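Hi,

Here is the structure I promised to pass on. Have a look at it first, and my notes on what turned up follow below.

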Amino acid sequence: MKKILVTGGAGFIGSSLVDELIKDEGNRITIVDDLSMGKRDNIPKSDRITFYEKSVCDYEYMQELLINEKFNYIYHLAAVASVADSIERPAYTHQVNLESTLNILETVRINKLAITKMLFSSSAAVYGDDPTLPKKEISPIKPKTPYAIDKYASEQFVLRYGELYDIQTVAVRFFNVYGPKQNPKSPYSGVLSILKDSIDNNRSFKVFGDGEQYRDFVFINDVVGAIIHLATSSKCVHEVYNVGTGKRTSLNNVIKDFKEILSSNIPIEYANSRTGDIKYSYADIQKLLDSGYTPKYSVTQGLRLYLK
Ligand code: UD2
């Protein structure tokens with residue numbers, strides 16, 4: 001039996017990970033999520049899942065949980081995922097996006113907890129708008145927001161702690177993840193969830209800029225596949241991996257695909273670019289490929305599944 005902790009397990013990526021992990025009958029999963037962004041309904045029903053509606057910033061609670069449960073795997077995905085929120089509330093988001101990570105690491109170190117692997121989810125935001133493309137893990141790091149600073153600091157704590165104190169750790173930098181369960185409700189939600197919501201409700205969609213900005217849109221199933229692979233592969237330790245497809249797609253092209261697949265004709269409006277927006281971003285995923293994981297879904301295949 002494997003005991004697995006998923007923080008943020010009621011959120012988009014976390015609950016999709018739980019959907020996959022629960023297929024293995026040997027897995028017992030504990031979810032910690034304060035439902036600030038996640039939803040209880042996202043969590044699959046199973047007697048092998050225990051859900052605690054708690055914040056990862058409840059440090060004493062987390063310490064007790066880790067000491068009592070002695071998890072084999074920790075997927076630390078809980079975060080305030082909104083860059084905009086980190087600009088509004090930098091001190092608060094710092095606690096969630098960095099301090100909570102340090103608390104887990106300290107608990108593991110001080111109590112000599114024998115975890116098999118801890119995985120931390122970082123973000124392509126750490127690269128900022130440095131023009132080097134595609135982004136390699138060794139590309140310049142230019143975090144521009146509290147969100148990106150905390151993701152980078154957390155990721156480095158996780159990796160260097162691992163080396164210093166002999167804890168098996170790994171980190172990932174997500175590019176633009178999309179798929180079912182992504183919440184479209186904030187203006188800073190993933191663009192594809194907003195686009196889908198607009199089409200579902202027959203509302204116009206607003207493009208910020210000329211639509212020629214491109215991204216590395218990666219389907220949730222590939223994200224889940226990649227993180228399980230990295231967490232369970234014993235040779236992937238103390239390293240950070242980009243998680244994307246390695247392909248770039250412009251917003252205009254993705255909108256075209258969407259409208260075709262859904263036979264939709266909603267109006268597309270063009271507005272000024274969003275302040276602080278990055279024009280171009282996509283990943284070099286050679287390191288992920290070399291580790292033994294190959295993404296399975298092109299954007300077209302991913303979109304078809306997403307929109308089915
Ligand atoms: C992504 C991450 C963010 C951070 C950043 C780092 C998501 C949701 N956000 O931001 O957390 O890691 O990468 O670079 O994954 N757009 C529109 N109309 C809309 C919404 C968005 O045109 O209604 C544009 C937006 O201006 C941008 C593009 O779509 O040019 C992608 O926007 P996004 O918020 O999905 O993702 P991004 O790459 O800005």
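Let me start with lysine 54, which is partly exposed because its relative accessible area is 31%; the cut-offs here are under 20% for buried, over 50% for exposed and partly exposed in between, with a 1.4 Å probe and protein chains only. Lysine 54 sits in the loop between strand 3 (49–52) and helix 2 (59–69). Helices (H or I, at least four residues) and strands (E, at least two) are DSSP runs, numbered from the N terminus. Serine 234 is 180 residues away from lysine 54 along the chain, and their C-alpha atoms are 30 Å apart.

Before you read on, some housekeeping. This is a predicted model, where local features need pLDDT of at least 70 and side-chain atom pairs count only at pLDDT 80 or more, while totals for chains, interfaces and linings use all residues. Residues are numbered from 1 along each chain as its sequence is written, and side-chain values use heavy atoms, with hydrogens and water left out.

Now the ligand. Which residues are closest to it? Ser123, Val191, Phe208, Arg215 and Asp277 are, out of 21 residues that surround the ligand, where a residue counts as near if one of its heavy atoms lies within 4 Å. By type, the shell splits into 12 nonpolar, 5 polar and 4 charged residues.

Helix 6 (191–200) and strand 8 (205–208) each give at least two residues to the shell, and strand 8 has the largest share, with 4 residues. Domain 1 (2–176 + 218–243) and domain 2 (180–216 + 246–307) each contribute at least three residues to the shell; those bounds come from an automatic or database domain assignment.

As for individual atoms, a backbone N or O atom of lysine 206 is 2.8 Å from a nitrogen atom of the ligand. Phenylalanine 208 also brings a backbone N or O atom, 2.8 Å from an oxygen atom of the ligand. With glutamine 213, a polar side-chain atom lies 2.9 Å from an oxygen atom of the ligand. On its own the ligand has 720 Å² of accessible area, and the protein covers 87% of that (Shrake-Rupley method, 1.4 Å probe).

The loop between strand 5 (117–123) and helix 5 (146–165) holds serine 139, which is buried because its relative accessible area is 6%. Its side chain reaches the backbone nitrogen of lysine 136 at 2.7 Å. Proline 134 is also in the loop between strand 5 and helix 5, and a cis peptide bond joins leucine 133 to proline 134, with omega about -10 degrees.

Two backbone angles are worth a look too. Most residues other than glycine have a negative phi. Aspartate 166, in the loop between helix 5 and strand 6 (169–174), has a positive phi near 55 degrees. Asparagine 202, in the loop between helix 6 and strand 8, also has a positive phi near 55 degrees. Aspartate 166 counts as exposed because its relative accessibility is 62%.

Last, the cysteines. How many disulfides does the structure hold? There are 0, taking a disulfide as a pair of cysteine sulfur atoms within 2.5 Å. Cysteine 57 is buried at 17% relative accessibility, and cysteine 236 is buried at 1%.

Cheers

Terms used:
Polar contact = N/O pair within 3.5 Å; in protein donor to acceptor, adjacent residues only side chain to side chain. Nonpolar A, V, L, I, M, F, W, Y, C, P; charged D, E, K, R; others polar.
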